[in-house]
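Let us walk through a structure step by step. Keep the model in view as you read.

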Number of protein chains: 2
Amino acid sequence: MLKISILTIGDEICIGQIVNTNARFIAEKCTAIGCDVLFHSSIKDDKEIIKSDLDRLLKLTDLVLITGGLGPTSDDITKPALCEYFDDILVKNQDVFDSISKFFAKRGLKMIERNAEQALLPSKCKVIANHFGTAPGMLFESNGKYVISMPGIPIEMKNMLESYVLGFLKDLIELKGEDVVAFKVLQTIGVAESILAEKIGDPVDFIENGTLAFLPSYKGVKLRIGFGAKDFNAANQRIEKVESYIKSKVGEYIFAYSDDLSLNEVISSLLIERKKTIAVAESCTGGLLAANFTDVPGSSKYFLGGIVAYSNEAKTKLVKVDSDLIKQHGAVSKQVAESLAKNVKQIFKYDFGIGITGIAGPSGGSSEKPVGTVWIALSDGKNSYSQKFFLGEKRAIIRERALVKALEMLYKKLLNS
Amino acid sequence: MLKISILTIGDEICIGQIVNTNARFIAEKCTAIGCDVLFHSSIKDDKEIIKSDLDRLLKLTDLVLITGGLGPTSDDITKPALCEYFDDILVKNQDVFDSISKFFAKRGLKMIERNAEQALLPSKCKVIANHFGTAPGMLFESNGKYVISMPGIPIEMKNMLESYVLGFLKDLIELKGEDVVAFKVLQTIGVAESILAEKIGDPVDFIENGTLAFLPSYKGVKLRIGFGAKDFNAANQRIEKVESYIKSKVGEYIFAYSDDLSLNEVISSLLIERKKTIAVAESCTGGLLAANFTDVPGSSKYFLGGIVAYSNEAKTKLVKVDSDLIKQHGAVSKQVAESLAKNVKQIFKYDFGIGITGIAGPSGGSSEKPVGTVWIALSDGKNSYSQKFFLGEKRAIIRERALVKALEMLYKKLLNS
């Protein structure tokens with residue numbers, strides 16, 4: 001396999017100011033075409049550290065993909081570091097200069113000196129076009145190993161990766177006749193990691209020269225099968241056998257045989273397939289469930305609207321919840337959740353209604369109903385199904401988990417209807 | 001300064017299946033107490049790689065913080081790797097065994113062998129309690145350097161970091177009499193990175209032995225000032241001088257003098273301070289704006305409800321948009337955006353109303369109104385302010401950017417009202 005590493009340059013990553021989403025994106029795309037991504041390294045905008053870490057990664061892997069430190073400001077020093085590492089000089093690249101000029105002209109902006117300097121590039125590198133910004137990418141070759149430097153701004157990096165770098169990597173893999181590795185992810189809900197492991201048994205008994213990983217989160221446990229082989233066909237055949245075995249053991253918990261599908265998207269397909277529509281009335285999740293449904297392209301086929309009823313007044317006025325019900329049982333109660341679900345279904349005249357009401361905190365909790373108490377109800381017009389949950393103590397987590405629980409309830413209902 | 005590195009163990013990070021949010025969290029917390037986080041490294045669940053990368057990082061830094069690979073399944077091998085690296089043996093820890101037993105008893109679950117094995121721990125380590133799961137943390141000391149191993153599940157890691165590890169690090173910094181480094185972030189909106197750099201001038205002219213970084217994203221450009229000193233007081237004094245200088249140059253674009261505050265939270269404070277309330281009617285953002293407002297604790301003071309009017313029917317029925325208006329101008333138009341804003345304000349009787357309507361794609365675009373076209377309107381009852389945007393081609397990005405643009409419009413309105 002083509003061994004690669006990802007080197008992210010930028011103080012903002014090191015000090016934890018931002019999450020390194022670039023590394024994940026690059027790793028996912030490169031893994032999918034058969035690269036073995038061995039190392040992710042994040043370092044500061046420090047010339048000596050850049051040179052020494054690049055040197056280390058070039059010894060350990062065939063190719064290093066760099067992002068970051070190519071901006072027009074003085075803290076960006078990836079280009080001079082590469083120039084020193086490859087013992088090179090900067091020369092003006094007329095094509096890049098013209099394209100930067102065009103970039104500014106198109107936007108009606110004045111091009112300033114520090115932007116023009118971005119057209120100064122190491123003489124030994126192949127320049128990679130940046131279609132979304134002014135910092136070009138660079139490709140260096142040295143003793144049969146490669147270094148590719150891309151900008152750190154996600155949209156620029158992503159475009160450069162997809163429009164040029166991945167094609168270059170594919171060609172290299174073919175040229176070198178490298179092995180590939182294939183992965184498959186099965187997603188489960190409603191079951192703990194240790195129970196899954198127990199039911200599936202010891203991987204040694206049914207996997208040879210492959211891997212099975214358990215990836216737990218509050219959204220459920222994912223199972224990832226991996227096999228290496230001469231080509232994707234051979235690897236996938238070995239994956240299929242293991243997949244069948246796992247399915248026979250824990251198939252009832254699996255909602256997707258791919259990592260590309262979210263529970264949200266599985267539900268979307270089920271709703272479209274069954275020609276069902278859904279409306280939501282949300283209190284503590286405050287629009288998250290609606291935003292989640294509308295996140296899926298084509299969601300207008302089954303989700304046409306929702307009401308965020310954050311205050312009691314919004315609950316009574318917009319979702320017609322009886323104010324006596326709120327007085328008698330409290331806003332966070334089985335009765336109010338079911339009323340929200342039933343009424344919002346009727347208002348929109350859809351097939352299902354979901355009502356969510358809870359205490360997301362940090363205030364509003366009591367000993368009887370502590371922060372984290374959430375009632376979720378699902379109505380199909382005839383019946384209401386409701387459940388009470390305790391979803392932790394932190395506002396953001398409570399809201400996220402309430403969303404997942406509502407989706408789980410809807411998924412189960414759709415499977416059985 | 002206490003030099004530390006973060007070592008994340010797990011194939012799922014290397015192959016890009018998940019984003020490494022743990023590393024960011026750890027880096028942010030450790031930076032805040034004065035650590036110099038020099039390296040983030042993510043590697044596979046491979047015993048030899050774990051040992052060699054740990055060795056490298058221990059040579060480069062004073063302390064290595066490890067996460068991941070402590071689960072109960074066979075792919076988790078951090079513990080045996082550490083055991084080998086420190087030439088140690090596993091022994092049963094009765095306290096941990098009891099706490100794991102209690103963990104299962106409390107949840108009414110059966111404790112199985114692979115969970116019990118989590119109580120087997122290296123004899124040389126100090127055990128760190130895990131209050132949210134079954135895998136304990138481990139602290140090793142070796143030749144004046146330290147290794148701390150924590151679970152990879154975010155909630156378990158976060159609790160362990162905050163309840164024990166940060167305190168340990170603070171004590172160590174004091175014990176060693178290390179320097180600290182302080183950072184301050186100024187957040188801007190409505191201005192490009194290169195223009196900011198031009199207005200501010202060359203940092204060499206006003207910063208000595210410190211750093212100024214420009215961090216651009218679609219949410220605006222952040223400016224990060226950094227200074228090292230004997231203590232936080234001294235470092236902060238130097239930061240203050242630079243901050244005043246920058247404020248005098250580009251103060252008009254700065255909406256927050258901290259990285260802890262989002263634009264959303266700044267708006268929240270402004271709304272509360274001015275005793276203003278807001279209602280939203282969203283089409284293409286489908287609940288994102290409502291979810292965003294309700295994400296802030298205390299948002300019930302100014303945000304009491306909203307309507308997700310995804311379909312034309314929801315727009316006319318729930319937000320009372322004139323259906324002729326939609327016929328005449330299309331659902332994505334200045335007129336419909338303004339009607340959504342004005343009507344939702346009236347329905348809720350709040351001070352402001354925001355209406356968003358756009359084409360998030362992938363379908364629904366035309367040559368006249370391509371995917372990415374979004375109209376956003378803000379109504380204060382008397383007047384409506386509306387703006388047309390082109391926010392890219394990808395659904396998720398269009399939605400996110402529409403959210404930011406709506407917040408920007410509201411922020412400017414609040415500043416001037």
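This is a predicted model: local features need pLDDT of at least 70, side-chain atom pairs count only at pLDDT 80 or more; totals for chains, interfaces and linings use all residues.

Residues are numbered from 1 along each chain as its sequence is written, while chains are lettered from A and ligands numbered from 1 in the order in which they are written.

Start with chain A. An automatic or database domain assignment sets the domain bounds. Chain A has domain 1 (2-176), domain 2 (180-256) and domain 3 (263-415). The C-alpha centres of domain 1 and domain 3 of chain A are 45 Å apart.

Now find helix 2 (residues 21-32) of chain B. Helices (H or I, at least four residues) and strands (E, at least two) are DSSP runs, numbered from the N terminus. The expected span of a helix is 1.5 Å times one less than its number of residues.

Next, the backbone. Most residues other than glycine have a negative phi, and most peptide bonds are trans. Lys349(A), not a glycine, has a positive phi of about 55°. Lys349(A) sits in the loop between helix 14 (334-348) and strand 15 of chain A. A cis peptide bond joins Gly361(A) and Pro362(A), with omega about 5°. In chain B, the bond from Gly361(B) to Pro362(B) is cis, with omega near 5°.
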